[in-house]
Amino acid sequence: NMDLSIWQGDAQTFIIKLETEDGTPISLFGATSQAVIRQSYTAPTSYAFTCTVQNGNEVKVYMSSAVSTTIPAGSYVWNFQVTGGNGDVRTYLAGDVTVYAEVD
């Protein structure tokens, strides 16, 4: 439900703000989050974003240039998941990823 386009060697940063349908903030107190890119949903190799909860209901999602440089150009998939304090996992975002080759 959210596709990404990235370029090798470029840092990626975006903010995910979690709210209910009526705009009520979803509390992330005690929760952890993760976001990864893979060639397929079952591929063993993954490229991880660093996820940091901020402002109670936001997650800063960041991939360093050092990580994006290691992703070969091509088509991938990604997802963003939150694990609540009780251990329940919920996938909030997923989609296709296009990685473009770095121009030297």
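These legends accompany several close-up views of a predicted model. Residues are numbered from 1 along each chain as its sequence is written, and side-chain values use heavy atoms, with hydrogens and water left out. Because the model is predicted, local features need pLDDT of at least 70 and side-chain atom pairs count only at pLDDT 80 or more, while totals for chains, interfaces and linings use all residues.

View 1. Let us start with the overall fold. Read along the sequence, the pattern is β-β-β-β-β-β-α-β-β; helices (H or I, at least four residues) and strands (E, at least two) are DSSP runs, numbered from the N terminus. The radius of gyration, taken over C-alpha atoms, is 14 Å, close to the 13 Å that the globule rule gives for 104 residues, so the chain is as compact as a globular protein of that length. That rule is 2.2 Å times the number of residues to the power 0.38. The C-alpha trace spans about 45 × 25 × 20 Å along its principal axes. Of the 104 residues, 37% count as buried, meaning under 20% relative accessible area, with exposed over 50% and partly exposed in between (1.4 Å probe, protein chains only).

**View 2. The largest nonpolar core, a set of 24 residues.** Such a core is a set of buried Ala, Val, Leu, Ile, Met, Phe, Trp, Tyr and Cys residues joined through side-chain atoms within 4.5 Å. Look for Ile37, Phe49, Val61, Ile71, Trp78, Phe80 and Val97, which touch the most other members. Two or more residues come from each of β1, β2, β3, β6 (58-63), β7 (74-83) and β8 (89-100), and β7 gives the most, with four. Leaving aside neighbours within four places in sequence, Val61 is in contact (heavy atoms within 4.5 Å) with residues including Phe14, Ile16, Ala35, Phe49 and Phe80.

**View 3. Aromatic pairs, of which the structure holds five.** Rings of Phe, Tyr and Trp (its six-membered ring) pair if their centres lie within 6.5 Å; planes under 30 degrees apart count as stacked, over 60 as edge-to-face and the rest as tilted. The rings of Trp7 and Tyr100 have centres 4.9 Å apart and planes at 25°, so this pair is stacked. Trp7 lies in β1 and Tyr100 in β8, so the pair ties together parts that are 93 residues apart in sequence. Trp7 is partly exposed at 42%, and Tyr100 is partly exposed at 37%. Tyr47 and Tyr76 are edge-to-face, 6.4 Å centre to centre with 90° between the planes. Tyr47 counts as buried at 14% relative accessibility, and Tyr76 is buried at 4%. Ring pairs also link Phe14, Phe49 and Trp78 into a cluster.

**View 4. Gln8, in the loop between β1 (4-7) and β2.** At 15% relative accessibility, Gln8 counts as buried. Its side chain reaches the backbone nitrogen of Glu102 at 2.8 Å. Not counting residues up to four places away in sequence, Gln8 touches Ser68, Thr69, Ile71, Pro72, Ala73, Val99, Tyr100, Ala101 and Glu102.

**View 5. Phe29, in the loop between β2 (12-17) and β3 (32-38).** Phe29 and Phe14 are 15 residues apart in sequence and 20 Å apart in space, C-alpha to C-alpha.

How values were computed. Polar contact = N/O pair within 3.5 Å; in protein donor to acceptor, adjacent residues only side chain to side chain.
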